Amino acid sequence: MIEIRNPADGSVVGSVPAAGEDEIDAALGLANETLPAWARTPAAERGALLHTAAERLRAQADELAKLNEAETGRPREEAREGVLAGAGTLDQYAELGPVHRGRSLLGDPGATDLMVPEPRGVVVALTPWNDPVAVACGLLGAALATGNTVVHKPSERAPHTGQLLGELLAGVLPGGVLQTVHGDGGVGAILAMRDDVDVLAHVGSTATGRSIAASAAATGAKTLLENGGNDPLVIDSDVDPVWAAGQAALGAFANSGQICVAVERIYVHEAVASEFLDALVKEAESRTLAPLVDRRHRDHVHAHVSDAVSRGARLLTGGAVPDGPGAHYPATVLAECASELRVMTEETFGPVAPVQVVPSFEHGLTEAAKGDYGLAATVLTASMANAQRAWRELPAGTVKVNNVFGGAPGGAAQPRGRSGNGYGYGPELLDELTQTKLVHVAPPG
């Protein structure tokens, strides 16, 4: 049994039973059984059902947001925005599915040659707690739009939100096309090792992603992984340091730092460093943050901060575990952070802004390019030459210039290194969830 406590006050939210072997067998058996009929369903009909599912999400946005806040501490209005974003994503894939690209080839004029996308089969979707509706809707929407059946395991830290999401979507779909099972990493590991799964789609930690990849190597399942990040922010000498501090604070402290593409490490040019740090401390001290998802995660965040301070970093604000119930942690700013500290080399995933002062933009770019992760990076600069150099040289799937959370809708990127593989968003996600068949039709005789 999985018990969930409210991270704001420690009260019990509820509990859900973890799936056993029998439930997993039944879910995957039904997913494989219903696959042929769902794959044959016209794409426009699948899209119409996804549009209906999106409307159901909008109608239940308040209830989903309430559950999300209770389970993870995410402020209700932000959680509601995540639900609406998820509904929008379902609508997007409802429209993109019927027009998913195929190709006709110019062969013999008397024959027909086609490249046709087909569903891969049964998709296991393992989704996170930090944005449980929006992220899940991306994977589920794309998989269902292209004719796959899905077994979804939401994070054990947000199972009630995941359960209601599954009920709303499955309620408009044929039976067995989308099923929800619950459990911790052990249940996820069992799902990953099954031979009757065709795609393993995971958004979460790098350690879990690597375990899934190892299982897929044995079973032959395709993997689609968006894993940890250690995203850098590089600040040039020619930008307003107060504005830069606002950008840094937004990137590091939004959702209490629990965002996949949060700012995890900062490299600021020495010419603006003093004003930047003063302004960043003011930004941190002006913020009242929502709690972290639970005390176990807070222990992880605080361990990174304690390690940094014990090894020479200067604590400018925050960094103390508050008294009282729940899993609260303050916005924290660290200066004089050496490159080898854990806050600079690992994913902290909390409201921590570690800063290293650098003598030049080039030096900051070099430091930002180091490390095993490659999810996203941001550069603040007034120089077009530096901006161009940065986006070309930084080894990250997404590079943002002068906006830590900017970007047009429908964009898709492939993470680098330990951050995963494959497109996780946009029209390209449909390519990940289909396989191409080459067809040649010639007349007889």
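Predicted model: local features only at pLDDT ≥ 70, side-chain atom pairs only at ≥ 80, totals over all residues.
Me: How are two packed helices described?
Reply: By the angle between their axes and the distance between the axes. Axes are lines fitted to C-alpha atoms, for helices over the stretch in contact, and angles run from 0 to 180 degrees between N-to-C directions. Helices are DSSP runs (H or I, at least four residues), as are strands (E, at least two), numbered from the N terminus. Take helix α4 (residues 76–96) and helix α5 (residues 132–145): their axes come within 8 Å and cross at roughly 15 degrees.

Me: Which orientation do α4 and α5 have to each other?
Reply: Angles under 35 degrees count as roughly parallel, over 145 as roughly antiparallel, 65 to 115 as roughly perpendicular and the rest as oblique. So α4 and α5 are roughly parallel. Their crossing is right-handed. That term applies if the near helix is turned clockwise from the far one by less than a right angle; anticlockwise is left-handed.

Me: Which residues make the contact of α4 with α5?
Reply: Contact means heavy atoms within 4.5 Å. From α4 come Gly82, Val83, Ala85, Gly86, Thr89, Leu90 and Tyr93. From α5 come Val133, Ala134, Cys137, Gly138, Gly141, Ala142 and Ala145. By class there are nine nonpolar, five polar and no charged residues. Nonpolar covers Ala, Val, Leu, Ile, Met, Phe, Trp, Tyr, Cys and Pro; charged covers Asp, Glu, Lys and Arg; the others, Gly among them, are polar.

Me: At what angle does helix α2 cross α4?
Reply: Helix α2 (residues 43–59) and α4 have axes that come within 8 Å and cross at roughly 170 degrees. The two helices are therefore roughly antiparallel. In α2 the contact includes Gly47, Leu50 and His51; in α4 it includes Val83, Leu84 and Gly86. This contact has ten nonpolar, four polar and three charged residues.

Me: How do α9 and α10 cross?
Reply: Helix α9 (residues 241–253) and helix α10 (residues 273–285) have axes that come within 8 Å and cross at roughly 45 degrees. That makes α9 oblique to α10. The crossing is right-handed. Pro241, Val242 and Phe253 are among the α9 residues in contact; Glu275, Phe276 and Leu280 are among those of α10. The classes are eleven nonpolar, one polar and two charged.

Me: Now the sheets. What is the strand order in the open sheet of seven strands?
Reply: Two strands pair if DSSP finds at least two bridges between them. Here the order is β12-β13-β14-β11-β10-β16-β17, with mixed pairing. β12 (314–317) and β17 (398–401) are the edges; each has a single partner strand, so one side of each is left without a neighbour in the sheet. Neighbouring strands are turned by 20 degrees against each other on average, direction ignored. Strands β10 (residues 232–235) and β11 (residues 265–269) run parallel, joined by four bridges. Val234 stands opposite Tyr267 in β11.

Me: What is the order in the open sheet of three strands?
Reply: It is β3-β4-β20, with antiparallel pairing. β3 (103–105) and β20 (434–441) are the edge strands, each pairing on one side only. The twist averages 25 degrees from one strand to the next. Three bridges join β3 to β4 (residues 112–119). Arg103 has Met115 in β4 as its bridge partner.

Me: How many aromatic pairs does a search of the whole structure find?
Reply: One. Rings of Phe, Tyr and Trp (its six-membered ring) pair if their centres lie within 6.5 Å; planes under 30 degrees apart count as stacked, over 60 as edge-to-face and the rest as tilted. The ring centres of Trp129 and Phe349 are 5.8 Å apart and the planes stand at 85 degrees, so the pair is edge-to-face. Trp129 lies in the loop between β5 (122–126) and α5, and Phe349 in the loop between α12 (342–345) and β14 (352–358), so the pair ties together parts 220 residues apart in sequence.

Me: What is the phi of Glu336?
Reply: Positive, about 55 degrees, although Glu336 is not a glycine. Glu336 lies in the loop between β13 (332–335) and α12. Asn402 has a positive phi near 65 degrees. Asn402 is in the loop between β17 and β18 (416–417).

Definitions and conventions:
Residues numbered from 1 in each chain as written. Heavy atoms only, no water.
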